[in-house]
Amino acid sequence: MIVVAGEALIDLVPQGTGALASLRPALGGGPYNTAVALGRLGSPTAFCSRASRDAFGEALLDGLRAAGVDVSAVQRGPEPTTLAVATLDGDGSAAYSFYVDGTADRLFAAPDRLPPGTRAVSFGTCSLVLEPGASAYEELLRAASAQGVFTALDPNIRPGLIPDPDAYRARFRSWLPSVSLLKLSEEDARWLGGTPREWLAAGPSAVVITQGGDGLAAFTRDGRVHLAPGEEVAVVDTIGAGDTVNAALLHGLAGWDALSPGALAELSPGHWTRLLGFAARAAAVTCSRAGAEPPYAAEVGGV
């Protein structure tokens with residue numbers, strides 16, 4: 001079982017470029033998209049979050065169930081669902097505005113235990129910023145790591161939600177001793193201001209950086225850099241592409257029984273090339289269609 005911990009929200013996806021494009025509601029949130037992608041790829045997956053009892057919250061849970069994701073660890077509440085309004089530029093890249101005050105997922109409480117058979121827990125995005133839930137997710141991250149569970153982190157920076165960037169950067173560094181696999185985009189890396197080697201020294205066994213159409217790079221503690229090119233595709237938008245990469249990495253590692261820091265450190269260059277290539281293929285499928293619509297296993301083949 002791979003557990004994905006974090007927010008589920010509604011993306012209001014523009015049907016064109018510019019601020020006044022018409023909007024279509026879509027199921028979303030970085031961790032939510034990761035969980036759906038894992039389920040569609042065929043990995044046993046559970047979602048750990050707090051969702052509203054409103055119609056959007058019900059639709060979010062229905063989307064998880066349709067992907068085969070276990071929702072028994074999802075807490076419920078009467079507060080409304082978070083909304084994220086996307087704006088697309090000319091090349092399909094998305095920027096976001098968030099409506100988060102008083103929403104259900106901010107009131108997440110750390111569970112007493114993880115679901116039975118948990119092999120990995122994935123964290124990221126808004127859930128690690130918005131209090132009081134952020135502290136609860138941080139508690140879960142540290143507890144999972146202390147129990148020897150593989151942990152994955154995608155900070156997926158949303159600058160508009162971070163009132164004190166320096167404080168967040170310090171908090172991010174404090175998480176690294178509890179992280180097995182760190183994945184982030186080039187933009188996130190620039191915003192955070194560190195380097196893969198610095199982050200590796202702080203804790204993770206590997207750091208994967210996405211480079212848009214240029215592909216992915218994985219940095220490992222043995223000093224190597226593993227590269228895979230991007231897949232050429234007609235980009236509709238990039239919503240959910242990074243979340244799909246998270247899922248593809250975890251799915252591939254699970255298939256190799258490599259969801260442990262030690263096993264991750266022992267992957268060969270050939271394994272990394274295959275894993276990164278698989279993630280690039282999966283992300284390309286997501287980019288080829290509107291909104292966060294990760295691929296099914298039959299669309300991307302094996303690792």
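1. Basis. The model is predicted, so that local features require pLDDT of at least 70 and side-chain atom pairs pLDDT 80 or more, whereas totals for chains, interfaces and linings use all residues. Residues are numbered from 1 along each chain as its sequence is written, and side-chain values rest on heavy atoms, without hydrogens or water.

2. Sheet. Eight strands form an open sheet of mixed pairing in the order S4-S1-S9-S10-S11-S12-S13-S14. Strands (E, at least two residues) and helices (H or I, at least four) are DSSP runs numbered from the N terminus, and two strands pair if DSSP finds at least two bridges between them. Strand S4 (45-48) and strand S14 (225-228) are the edges, each pairing on one side only. From one strand to the next, the twist averages 20 degrees.

3. Strand S9 (residues 120-124) pairs with strand S10 (residues 150-154) in the parallel sense over five bridges; Phe-123 has Leu-153 in S10 as its bridge partner. Helix H9 (residues 269-287) lies across strand S12 (206-210), strand S13 (216-220) and S14, and runs at about 40 degrees to S14. Axes are lines fitted to C-alpha atoms, for helices over the stretch in contact, with angles from 0 to 180 degrees between N-to-C directions.

4. H1 with H2. Helix H1 packs on helix H2 (residues 55-66) at an angle of about 30 degrees, and their axes are 9 Å apart. Tyr-32, Ala-35 and Val-36 of H1 meet Ala-59, Leu-60, Gly-63 and Leu-64 of H2, where contact means heavy atoms within 4.5 Å. This contact has six nonpolar residues, one polar and no charged. Nonpolar covers Ala, Val, Leu, Ile, Met, Phe, Trp, Tyr, Cys and Pro; charged covers Asp, Glu, Lys and Arg; the others, Gly among them, are polar.

5. H3 with H4. The axes of helix H3 (residues 133-146) and helix H4 (residues 165-175) come within 11 Å and cross at roughly 20 degrees, and these helices are therefore roughly parallel to each other. On the H3 side, Ala-134, Ser-135, Glu-138, Leu-141 and Arg-142 meet Arg-171, Ser-174 and Trp-175 in H4. The classes in this contact are three nonpolar, two polar and three charged.

6. Cavities. The search of the whole structure finds four cavities of 30 Å³ or more. On a 1 Å grid over the protein atoms alone, a cavity is a set of points where a 1.4 Å probe fits but cannot get out; a pocket is an open set with protein on both sides within 12 Å along at least five of seven lines, and lining residues have an atom within 4 Å of a point. Volume is the space filled by probe spheres set on the points, which are joined across faces, edges and corners. The largest cavity has about 70 Å³, and its lining includes Asp-105, Arg-106 and Tyr-137.

7. Second largest pocket. This pocket contains about 170 Å³ of space. Of its 13 lining residues, Leu-27, Tyr-32, Arg-40, Ala-292 and Glu-293 lie nearest its centre. H1 contributes the most to the lining, with four residues. By class, the lining has seven nonpolar, three polar and three charged residues.

Key: Parallel < 35°, antiparallel > 145°, perpendicular 65-115°, else oblique.
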